[in-house]
Amino acid sequence: MMTGMEQTERRPRSKPKFRPARFASVIVEELAQQIVSGALAEGDVLPTEPALCEEFGFSRTVVREGLKLLEERGLVRVEQGRGTTVQPRSSWNLLDPDVLRIALEYDSDMSLLDDLISVRRVLEREMAAQAAGQLTDAELVELGDIIEQMEHAYDDYDAFRACDNAFHAIIMRASGNEVGLTIVRVIHRHGGATAPLAAGASKATLKRTAAEHRAILEALAEGDGELAGERISAHIEARWSERKSRRKGT
């Protein structure tokens, strides 16, 4: 006869709960691709739930979860008795990582990237101004060390880019602007993965970039927030303009 302890030890494990969201992501990806690409246009009504169940091979619970996620992202509107309707682009949540990633895939004229860089430039200008009076001596030294690493990485673009991102991240964190940091982080992550921003750069361009970072650091070290903001804004604009021109010329 088993003791109470043995019974407890041999008690079967409970089965993991069914998570429709994991399967719903398949529906979200496919329908979001169709909406963003224009295959499903504004005002189009999606197939009924039973039709979607048959198309994707999932239960009604999973389909409903997928439609709910699409609605939360602003891509569709679900109305009882009227079906699910594709919403205009102005309703899309372009800061949602999935929506932004897919939208950038179809950004052939780089207009969305233009908007992202503009937002980044405005935010980082303000955050650099805020950081000027907040950076510690240790952080200023770290920024200087990063620039030196950049100056030794002209032949290693990935290493140079990692230093570049680290430099900006320190300034943004020092600003204390958590919302700005979150938005710029999304822009960096998804905008930076696009061809115009992921492509390498010439050694001359990297040297100019390092020099611009040093000028930003000088303003920060002097506690001149206005100048630091102006310099980081000009740096972002100059690098993007150069990349955009090179991309359009290909």
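**Entry 1. Pocket lining**

The model is predicted: local features need pLDDT of at least 70 and side-chain atom pairs pLDDT 80 or more, while totals for chains, interfaces and linings use all residues. Residues are numbered from 1 along each chain as its sequence is written, and side-chain values use heavy atoms, without hydrogens and water.

I looked up the volume of the largest pocket, which is about 230 Å³. Of its 15 lining residues, Glu 49, Val 78, Glu 79, Gly 83 and Thr 84 are the closest to the centre. H3, H4, strand S1 (76-79) and strand S2 (83-86) each give two or more residues to this lining. H4 gives the most, with three residues.

A pocket here is an open set of points on a 1 Å grid over the protein atoms alone, where a 1.4 Å probe fits, with protein on both sides within 12 Å along at least five of seven lines; lining residues have an atom within 4 Å of a point. The volume is the space filled by probe spheres set on the points, which are joined across faces, edges and corners.

**Entry 2. Fold and burial**

I counted twelve helices and two strands in the protein chain (DSSP runs numbered from the N terminus: H or I of at least four residues, E of at least two). Of the 250 residues, 40% count as buried (under 20% relative accessible area; exposed is over 50%, partly exposed in between; 1.4 Å probe, protein chains only).

In helix H5 (residues 97-105), I found Val 99, Leu 100, Ile 102, Ala 103 and Leu 104 buried. Asp 96 caps the N-terminal end of H5, with a side-chain oxygen 3.0 Å from the backbone nitrogen of Asp 98.

**Entry 3. Aromatic pairs**

I searched for ring pairs of Phe, Tyr and Trp (its six-membered ring), with centres within 6.5 Å; planes under 30 degrees apart count as stacked, over 60 as edge-to-face and the rest as tilted. The count is two. Phe 23 and Phe 58 form a tilted pair, 5.8 Å centre to centre with 50 degrees between the planes. This pair links distant parts of the chain, 35 residues apart: Phe 23 lies in helix H2 (residues 20-37) and Phe 58 in the loop between helix H3 (49-56) and helix H4 (60-72). Phe 23 counts as partly exposed because its relative accessibility is 27%; Phe 58, at 22%, also counts as partly exposed. Tyr 154 and Phe 160 form a tilted pair at 6.1 Å and 40 degrees. Both Tyr 154 and Phe 160 are buried.

Key: A polar contact is a pair of N or O atoms within 3.5 Å; within protein, one must be able to donate a hydrogen and the other to accept it, and residues adjacent in sequence count only if both atoms are side-chain atoms.
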